[in-house]
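Dear colleague,

I am passing on the structure we spoke of, which you will find just below. After it I set out what was found.

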Amino acid sequence: MAGKFAVVIFLTFLFGLCQLATAADWDTASDGRQYLIETSVGYNWLQAVDQCSRRGLQLVVIDNEVKNNAIIDLIKSKFGSAKDLWVGHHDEYNTKKDKNRPWYSIATGQEITFSNWYISEPNNYKSQEHCAEIKSSARFQWYDESCTDSYYGYICEEHYKTTQCHNDVQAKRYSTNEKNALLSSDFTETQTNIQNQLNQTRNETNAALLNWNKSSKVVFENFKKSLDGYLKKKPYLQAVVADIGDDINALAVEAENEILNLNQQTQESLANVQLNAEQSITNETLAFAEKIKIHNNEVDSLMSY
């Protein structure tokens with residue numbers, strides 16, 4: 001019980017950690033990613049970073065063409081000619097005017113190898129443009145701007161650590177469900193094997209009872225034949241047989257019927273045992289399957305977001 005409680009506490013903690021990154025007004029792009037887009041004018045780059053951080057998010061980092069195109073399509077579909085928007089790219093205050101100078105992610109600090117600069121950008125005007133923005137008037141390509149310019153909106157996305165957390169949780173959930181499915185399959189296979197063994201035992205017992213029934217009839221028939229043959233050889237017993245023969249035959253028939261009834265009762269008893277065993281197996285299987293279902297739902301509830 002203590003172990004299960006510890007697991008629940010851990011999953012709850014992990015779930016809570018992942019849920020730190022929540023925000024209202026999400027917009028979903030064509031690539032399935034979600035973004036919070038603030039079009040109000042009046043934020044410099046550091047303020048945009050701060051606004052995202054306060055929501056447990058990060059200023060968007062555009063590091064591949066698919067993501068770039070999805071964001072552009074989203075901006076166009078929702079805002080038309082949107083305001084210019086800060087993104088989470090910076091050049092570490094590099095004073096060079098080299099267009100090929102490296103740019104870095106605000107989230108990871110790693111260099112961003114993908115780019116979508118406008119033809120004349122990044123020009124690092126007066127060596128003071130160290131932050132990147134999406135320029136709506138430049139076909140939504142990128143400009144480098146002074147990080148202190150307070151003219152732009154911004155785009156937030158889920159923090160990459162949160163994404164990793166969600167991915168890890170999802171992987172653990174799938175792994176848990178997979179193990180549960182294997183466990184359920186093993187349990188079902190075991191129950192099937194037990195069922196097969198019960199069926200085999202029932203068939204073997206029924207066959208033995210049938211053989212015993214046939215053997216009993218043969219024994220009675222042979223006994224009658226032997227008795228008739230013996231009496232024919234002993235004429236002096238015929239008077240006795242004439243007197244009690246019917247009673248003897250009645251007793252023999254009664255004994256035979258009792259054996260047949262016992263055989264029938266045994267078969268019915270075995271059938272009831274078999275039926276009860278099958279019902280017990282079915283009930284246990286259904287109960288186990290329900291426990292697996294409840295467990296999976298609890299895991300999904302803890303790990304969903």
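Please keep in mind throughout that this is a predicted model. I begin with Ser105, whose side chain reaches the backbone nitrogen of Ala107 at 3.0 Å, while the backbone nitrogen of Thr108 lies 3.2 Å from a polar atom of that Ser105 side chain. Ser105 itself is placed in strand S5, and it counts as buried because its relative accessibility is 6%, where the cut-off for buried is under 20%. Not counting residues up to four places away in sequence, Ser105 touches Val61, Gly88, His90, Gln110 and Ile112.

In general, most residues other than glycine have a negative phi, and most peptide bonds are trans. Against that background, the peptide bond from Glu121 to Pro122 is cis, with omega near -5 degrees, and Pro122 is found in the loop between strand S5 (104–105) and S6. Glu92, which sits in the loop between S4 and S5, has a phi near 60 degrees, a positive value in a residue other than glycine. Arg139 also has a positive phi, near 60 degrees, and its place is in the loop between S6 and strand S7 (141–145). With a relative accessibility of 62%, Arg139 counts as exposed, since the cut-off for exposed is over 50%.

Turning to the interior, nonpolar side chains in soluble globular proteins tend to be buried together. In this model the largest nonpolar core has 20 residues, and those with the most contacts inside it are Tyr35, Ile62, Ile71, Ile75, Ile134 and Ile155. At least two residues of this core are supplied by each of strand S2 (34–43), helix H3 (65–79), strand S4 (85–90) and strand S6 (131–135), and H3 gives the most, with five residues.

With best regards

How values were computed. Residues numbered from 1 in each chain as written. Predicted model: local features only at pLDDT ≥ 70, side-chain atom pairs only at ≥ 80, totals over all residues. Heavy atoms only, no water. Core = buried A, V, L, I, M, F, W, Y, C linked by side-chain atoms within 4.5 Å. Buried < 20%, exposed > 50% of the residue type's maximum accessible area, 1.4 Å probe, protein only. Helix = DSSP H or I, 4+ residues; strand = E, 2+ residues; numbered from the N terminus. Polar contact = N/O pair within 3.5 Å; in protein donor to acceptor, adjacent residues only side chain to side chain. Contact = heavy atoms within 4.5 Å.
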